[in-house]
2 protein chains.
Amino acid sequence: MGEFELIRNFFAAAPCAQGGEGVALGIGDDCALLAVPPGEQLAISTDTLVAGVHFADPCDPFLLGQRSLAVAVSDLAAMGATPVAFTLALTLPTVTADWLQAYARGLNLMAQSCGVALVGGDTTRGPLSLTMTVFGRVPSGLALTRSGARPGDLLCVGGDLGNAAGALPLVLGQRTAQASITEPLLAHYWSPQPQLGLGQALRGKATSAMDISDGLLADCGHIALASKVGIEVERDRLPLSQSLVAFLGQAQAQVAALSGGDDYVLAFTLPSVELPLLLADGWPIHVIGRVVTGQGVTLLDADGKDITPQTRGYQHFRESP
Amino acid sequence: MGEFELIRNFFAAAPCAQGGEGVALGIGDDCALLAVPPGEQLAISTDTLVAGVHFADPCDPFLLGQRSLAVAVSDLAAMGATPVAFTLALTLPTVTADWLQAYARGLNLMAQSCGVALVGGDTTRGPLSLTMTVFGRVPSGLALTRSGARPGDLLCVGGDLGNAAGALPLVLGQRTAQASITEPLLAHYWSPQPQLGLGQALRGKATSAMDISDGLLADCGHIALASKVGIEVERDRLPLSQSLVAFLGQAQAQVAALSGGDDYVLAFTLPSVELPLLLADGWPIHVIGRVVTGQGVTLLDADGKDITPQTRGYQHFRESP
């Protein structure tokens, strides 16, 4: 048995590969089989993470295991879907038992937290990269898309912004600070929590949604384009964590929140009539702007003045590409 | 707009990304949405191809586009599934318009031939590799798995074996021959035709099936293990193409057929009572052995003598890993 076949057996024996609701056939055949209940559709998303591009190389394999799955599952949250399963295509330069075990521990932990089963994949030799494809189910016609925002809707987000961008110089070893500041930021970077409950609560209520991966302004631009509307973002209403402000200062914390990316917090548009009940149910919703007629994204200061960044420079927190 | 966003738009505009039956939402949102008819299940398979490991680097991008999709769709054929959609995670070191256009042409051609729509994916910078995840639908309970072979069943394959292994020294530039010999071999390597019709015809008839990717002996070993049976392969009944025999000679052609891999021809087990009607319907079925009690795979010569290879040497045609 070759070493890559051993790895396949290793993952097949992992706790997260032991099936789950909706998994009719798991790892070990030519295909996995998923059952989709009548009246539901299957939501699918694929994400690739490349060493040296999307994460530092080397990095902690346990943390990578958590983050790689969380990033992919966040797309299911953005559709309001209930996670079912995922596949993992893992490309490794060498096979190291310690690395694999730590990676699998992180993966299992996040899989358990999100309720997804590993149902297949591929393991190959090559430069380190990971491609996750995630599957969720959503009632037919109720998936949250990017295209339904209407003028008058509120622009909302599901939590603090900019923490992952703030963590990046820590991850890359470019800066240090006291643990009380760095730990929350690093936790957000390495184990973002997909907002699955919030996404499901928004079904039939939000008019559009996505998860913030490219940065708030860029991702609001995606909603504006798909919905053929304009979006106004109020800089002074951005939710910022104490850690981020302590680490970067207010002004740079706002830049991180606007352009940082990797937040994996939901951004969505909501008719204002829907807001009170969602807040009463305890969902962490912050209103940060509104949908208007027009196109594109406009950033406003406290006085309502247009302070939209005019250069690509605001993308400097983004990991490429 | 960054160059990788341009690529995403390029693929979103490709003919194969314009939706299809069962695709409720295609490229451009956080997830794609697939509709699965009541009484059917969704079959899923993931394959990664790494440059320099699974294909020569550089290679013809048009041919790579065809082959990368065909290899993945072949797993749907092996389950008896009807293809619906696929995602493409493409990692590229540099962005070259000519390369992308040629790759997309090959991809489109194979997508059209197999009836699959591109519904999503990811495009990232890094060492060249491709991960395809394919989706098909199959009536609940009728998918062909590896685990149902029973003693007394016939062992069958759906066409000539060893052609892709024969092509490998040509692909790698290690040998040459006249075009009448090389062209059929190279065609089989670069654009294998997933046996979708045969797979669907075998639903409810074959007791097990898979597509030959690792090599006949190794893949029969997978069926034997999953079904808890033994499998006898008769060397002198292996279907070999004239080109392969002309190129390698009879003995080496048999070795390629037994161990070569990359054939993407179906191997399956069948109660003998099912054979006549399938043959009458014109399916290209070759009986090459039988299922017996016991375990593992045994290779027999014309006299019924056990000539099973005792070394790992028979794997020398295999691409690694």
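Strand β3 (residues 40-50) of chain A and strand β2 (residues 32-35) of chain B run antiparallel and are joined by four bridges. Strands count as paired if DSSP finds at least two bridges between them. Strands (E, at least two residues) and helices (H or I, at least four) are DSSP runs, numbered from the N terminus. Within this pairing, A:Ile44 has B:Ala32 of β2(B) as its bridge partner.

The model is predicted, so local features need pLDDT of at least 70 and side-chain atom pairs count only at pLDDT 80 or more, while totals for chains, interfaces and linings use all residues. Residues are numbered from 1 along each chain as its sequence is written, chains are lettered from A and ligands numbered from 1 in the order in which they are written, and side-chain values use heavy atoms, with hydrogens and water left out.

The interface was examined next. In chain B, 54 residues are in contact (heavy atoms within 4.5 Å) with 53 residues of chain A. The size of an interface is often given as the accessible area lost when the parts come together. Here the two chains bury about 4,000 Å² between them. Buried area is the accessible area (1.4 Å probe) that two parts lose on being put together, summed over both. Carbon and sulfur atoms account for 58% of the area buried between chain B and chain A.

Four salt bridges cross the interface of chain B and chain A. A salt bridge is a side-chain nitrogen of Lys or Arg within 4 Å of a carboxyl oxygen of Asp or Glu. A:Arg146 forms a salt bridge with B:Asp29, with the closest N and O atoms 3.6 Å apart. On the side of chain B that touches chain A, strand β3 (residues 40-50) of chain B gives the most, with nine residues. By class, that side has 27 nonpolar, 17 polar and ten charged residues. Nonpolar means Ala, Val, Leu, Ile, Met, Phe, Trp, Tyr, Cys and Pro; charged means Asp, Glu, Lys and Arg; the others, Gly among them, are polar.

Over all chains, the whole structure has 20 salt bridges. A:Arg290 and A:Glu232 meet through their side chains in a salt bridge, at 2.8 Å from N to O. A:Arg290 lies in strand β11 (residues 286-292) of chain A and A:Glu232 in strand β9 (residues 230-234) of chain A, so the pair ties together parts 58 residues apart in sequence.

UniProt (unreviewed entry) lists "domain: PurM-like N-terminal" at residues 28-138 of chain A. This stretch, residues 28-138 of chain A, is 33% helix and 41% strand, with its end C-alpha atoms 27 Å apart. The unreviewed UniProt entry also gives "domain: PurM-like C-terminal" for residues 150-299 of chain A. Residues 150-299 of chain A are 41% helix and 19% strand, and the end C-alpha atoms are 18 Å apart. UniProt positions are given in the numbering used here, feature names are shortened, and annotations may be inferred rather than shown by experiment.

The feature "binding site" is placed by UniProt (unreviewed entry) at A:Asp30, A:Asp75 and A:Asp211. They span 182 residues in sequence, and the farthest two C-alpha atoms are 32.3 Å apart, so they do not all gather at one spot. A:Asp30 is in the loop between β1 (23-25) and β2 (32-35) of chain A.

Most residues other than glycine have a negative phi, and most peptide bonds are trans. The bond joining A:Asp57 and A:Pro58 is cis, with omega about 5°. A:Pro58 lies in the loop between β3 and α2 (61-79) of chain A. In chain B, the peptide bond from B:Asp57 to B:Pro58 is cis, with omega near 5°.
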